[in-house]
Structures are given as C-alpha cells and as structure tokens.
Amino acid sequence: MRERLAQIPKPMRENLITFGIVVVAFIVMQILISLNMLSHLMTGLLVPLCVYVIMAVSLNLTVGILGELSLGHAGFMCLGAFAGAFFTKVMENVITFSLFRFILAILIGALVAGVFGLLIGLPVLRFRGDYLAIVTLAFGEIIKNIINALFVGLDDKGFHFSLRDSLSLGMGEEGRVIINGAQGIVGMPRDSTFLIGTILVIITLFIVLNLINSRDGRAIMSIRDNLIASESVGIDVTRYKLMAFTISAALAGVAGVLYSHNLNSVQATPRNFGFNMSIMILVFVVLGGIGNIRGSIIAAVVLTVLPEVLRGISDQRMLIYSVILIVMMIFNWSPKVLEWREKHSLKEWLSRLRKRKAKV
Amino acid sequence: MNFISFLINGLSLGSIYAIIALGYTMVYGIAKMLNFAHGDVIMVGAFTVFWGVSMQGFDPFLSLLLSITICIILGVTIEFIAYRPLRGAASKLVVLITAIGVSYFLQNLALLIFGASTKSFTSIVPFGPVRLFDGQIIISSETLVTFAACLIIMTSLTLFIHKTKPGQAMLAVAEDKDAAQLMGINVNGTITLTFAIGSGLAAIAGVLLCSAYPVISPYTGAMPGIKAFIAAVFGGIGSIPGALIGGLLLGVIEILGRAYISTQLSDVIVFMVLIIVLLVKPTGLLGRKLQEKV
C-alpha cells in the first residue's frame, strides 16, 4: 500500500490530500448534523463556508499563481450572484425541477462572471502591481454600483431595463420587476445546500489544482516569477494572464450564485459585494499562504467559524485580523526578519548542536 | 447660476482631493508604494477634532493643531512599524497588502472607540457664508477656507521642495534612492519626513472634508482616500501640480456628474475616469514616462 502510494507523483499526492480534507470535512459535518450536534448557527454557516472557500481558492489563483493583486474579486461574485438569481427568477415558473434550474443558474453565473472577467481583464492586465490593484478595485465598485442602480422588468413584450426607477421601465400590466434597484432581487427560492456547495468546492479545486499542475499553469507561474524572461522564451503573456484572470472570475461567479441562492433576497450592498468583501477574501488568501490552495481552504474555514464560536470577541475580530495580516506580512517577507529566521531556525540550531557534539 | 454653484462646489471638493492626493503622490514618488492607509489617516485627523471640539469642548484651532500632531506621529509610526521592515522585500504586493492591513486596523480601531454610527461633525470654520449677485450664488465659508488652505499648502510645499535642503533631498530620493544614499542623503529620514508631511496634510484635509460634509464615521476616509488616489493618478503620480489639477478636475467631474447624470452613479463616473485615464495616458496629465529596465 505504502509503496503504491509512493508511486503516485508528489503533486498528485498533495492534491489527493486536499480533496481528502474536503470530503472528510463534509462527512464529519453530515454526521454531526444527523446526530443533531450542530447548533442552528453552525448549520446556517455551512453554505457561506463553501462560498468563502471557493472565493479564497479562486482569488488565490490570481494573487498566488498569477502574482497580481485583484481588489475587485467581490465584483465578480456580485455579477455571478445577480446573473444566477436573475435566471432563477425568470425561469421560476418555467423550469420547476429546482436542481436542474440551479445547475443552469450556476453555469450562467460562471459564464457571465467569466465573460466580464475577460472583458475587464483585456484592458486591465496591461497594468502591474499597484495600478492593477486600484483598477480592479475600481471595476469592482463600478459593477456593484451599477447593479445597485439597475432596474430590470419582464412583461409579455420582453425585458425592460432602466437605471432610474421601476416606473420608468414602462411595462405592461402583467409585467413584474425582477431586479428592483437597491432592493435587489426578492423572493428567491433557496436552492443552495451544503451538498451542492461541497460539490462546487471540489469542482473548483479540481479546476484550479489541475491548472496549476498543467503546462498552462507553469506558464502562468513563470510570468509571475519573471515576466521578461518568460516573454523571451516565447510565452504568450497576455493570453495566459487572461486565462488565469478569467477562470478566477468565473469561479467567483459560481460562489456568487451559491451565495444568492442561500438567501431570501439578494442586494448589492457594500457589505456583501463591496471592497470589504474583497479584502476579507484577501485576508483568507494571505493567512492561508499566498499560492497555497490548501492553506486558503483552511484559513477561510477557520476565520469564518472562529468568530462565530468565540462570540465574545466578534467586535474585535476585524481588528485582530488586520493585526495578524500586518504581522504575517512582516514575518514572512521582511528581508531582516527572514535573515534572522534563517539564523535562528530550528534546523540551524540542531546542526549547531550536532557540531558541538561531534567536537566533544 | 446653478451651474456656477455646482462648479464652485466641485472645485471645493476638488481642493480637498488635491490636498489628500499630495500625500499619495509624494509617498508614491519617494517610497514607490501605494499607501492605502492614507485615507484612514484622514479619518483619524477628523475624529481627533471631533473628539476635541464635540466631546471635550476644546478650542477648534487648538484641536486642529492637536489633530495635525497626532496624524504626523501616526504616519511616522505606521511607516516605521509596518512599511520600513518591508523595504527591499521580494514582491511589491507585500507592501500593498500590509498597507491594506494598516488601513483596516485604523478603521476597526475607530469602530471600537467611537462605534459604527455616523455622527454629526461641527464645522470648525467660525464665520458664515458669502452671498454674491443678490444671494443667487452662496459660497459657504468652508469652501472659502478650503480654497485658501489648498492655495497656501500648494505654494508652500512647492517652495519647500525647490528651495530647501530637505526638499531637494526628497527630489533626489524620488529620482534614485541608491544614488541619493551614495551622495550622503539620509534616505530613511527623508522618507519619514515625507510621511510626516503627507499625514499632516491628511489631518487638514480630513477636518476640511468633515466641515464641508458635516458627518463622520470610521469609514469616512476610505472613499475620499481612493478618489484622491485616482486624482493623483489623473494628474500624474509623483507630480505636485499634477495632484492639484487632478484633484480639481475630479472634484468638478464628480459634482457635475452627480448633478446632471445620476446621484447613484457618481462614484461609477469617478472610477470610469480612472480607467479611461490609465488606458489613454497611463502616466497622467503631468506625469513623466518611465522606462522599465531589464
């Protein structure tokens, strides 16, 4: 058994462990639910957990693998959430089989977010570093604000759009407003379940992990490590950057669909789709380790569950996150700290100990 | 007449953006980093005056001085604790993420101390509005003070940079950090000075902003901070006249957009400006073109 395990190539073994963690976590949760050992609060957290995990893994694709900071990830989630919810509301009475409708909604959410990711990525990915971060932030806010001001209605003549109010849609008597500006979409069927969420997490992992270990993934990582060198060996930089960015956006769209179908109504507020959400996901990615997919999953789960368990510190939780974020960055990246860590690492200490013993 | 009062409002908001943008543009020019926490230093400055005037009953002018001092100390401390250890780090993203962390830290600290609710801010400008053309155009006193402050700050900063030794040192560090060090310029000290000036200006901008739009909350600084950064990019990052022009234009665009296009979409218009500027002229109106060296 062990020999056979050793024959599997290392990246694949690592990936299998990651999948294993997700599956085991799912089974443990199911057992806890069936034994009635999970509080109402925790059961309510299960689907959001899946949403955050998908968000963190997909953002890690941009930040860790592509090496560019995107601050507009919540914008793509918003697009997916509204595209999926819009489809569900329109088709509510047409497709009554809810699972099939939900699967279609997920595909549409991913498609819309992915197409926008491509369209936004085309101009945006010419920038690097700080500029890219601020431009993605701008696009995220634009998406949120436009959806917040968007009115869409449906009557027998078709769809009506407006950016002013529901009256200016000019609909017939039979018409109904589907997206109602700042009130968003109301009366959603709650199709999201923990099982579907977990399956989506596994699909996300499958896509991202396979991409990382593929030829395309290595090309993307080479761009991260040295743009000019990878250009000079003939890697199509724009194409690979766009590929990573679009996949990341589409996966955020999937998370959005899962999110919007877990609520009775969905609105584009700053709290759920604004800059703050993008930052929270970024905190998950940074704490889990930039570029480390398994770390993102664990960080997303721990940082979502911990504040709910420790209710007493929920006020201070964002303060604590921010301190952890700063400390982690300095601890992991500061040249002086790195030098100090090398000198005082356990390995170094042990080898010194060994040397001393050898002398004696 | 409506148009003229919108224009004046726009220029007033733009002057505040310009003062904030100075902090961004100087720090970006010299330390080559986007100080995301700059917007939240504005908030700290405004809250200090709020605490002094509304909660302790201090003299407004004294509170302003206190606010400037606290912001300077805060800015220098942030630079020393969070940014300096990361100078020379392998990836540029690292400093940006740390700056976001600092921004979040300040917001949540204010949230814990003052609570999340929006509070009304008492304007510290002591005199009333000016009426022109038989009261057809009313210019608020805050607007006048903002214009005056912006003008004084721009002039004195330009003089400081071109006529004094520390100012010349800033230019040298912005040009080439290593060469400046070789010439005997204290690079770390110069960067600290830049943060001190930027943060002091942020305090003034925060008080002006909260006097003109008399509300304050822990999130007061975030959006104006981002918009001021857009103004800095618009005018050409690293350029002081650029910050002024970018700030004024952005303020006018925002107010006119809000008045004539849509109230809800005014932020969208401002962000669109950023994207269009970056696509058409990435160096901004007055910025210099930088060649990336291999």
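**A helix pair in chain B**

Guide: Happy to. In this predicted model, start with helix α1 of chain B, residues 2-31, which packs with α9(B) at an angle of about 75°, the two axes lying 8 Å apart. Angles of 65 to 115 degrees count as roughly perpendicular, so that is how α1(B) and α9(B) sit to each other.

Now for who touches whom. On the α1(B) side you'll find B:Tyr17, B:Ala18, B:Ile20, B:Ala21, B:Tyr24 and B:Thr25. Facing them from α9(B) are B:Pro224, B:Gly225, B:Lys227, B:Ala228, B:Phe229, B:Ala231 and B:Ala232. Sort the residues of this helix contact by class and you get 10 nonpolar, 2 polar and 1 charged.

The contact between the chains takes 35 residues from chain B and 36 residues from chain A. On the side of chain B that touches chain A, α9 (222-235) supplies at least two residues, and so do α4 (92-114) and α11 (266-280). The most comes from α4(B), with 14 residues. By class, that side of chain B holds 27 nonpolar, 6 polar and 2 charged residues.

Across in chain A, the domain assignment gives domain 1 (46-301) and domain 2 (310-360). Taken over C-alpha atoms, the centres of these two domains of chain A are 35 Å apart.

Technical notes. Residues numbered from 1 in each chain as written. Chains lettered and ligands numbered in written order. Predicted model: local features only at pLDDT ≥ 70, side-chain atom pairs only at ≥ 80, totals over all residues. Contact = placed C-beta atoms within 7 Å. Helix = DSSP H or I, 4+ residues; strand = E, 2+ residues; numbered from the N terminus. Nonpolar A, V, L, I, M, F, W, Y, C, P; charged D, E, K, R; others polar. Domains from an automatic or database assignment. Axes fitted to C-alpha atoms, helices over the stretch in contact; angles between N-to-C directions. Parallel < 35°, antiparallel > 145°, perpendicular 65-115°, else oblique.
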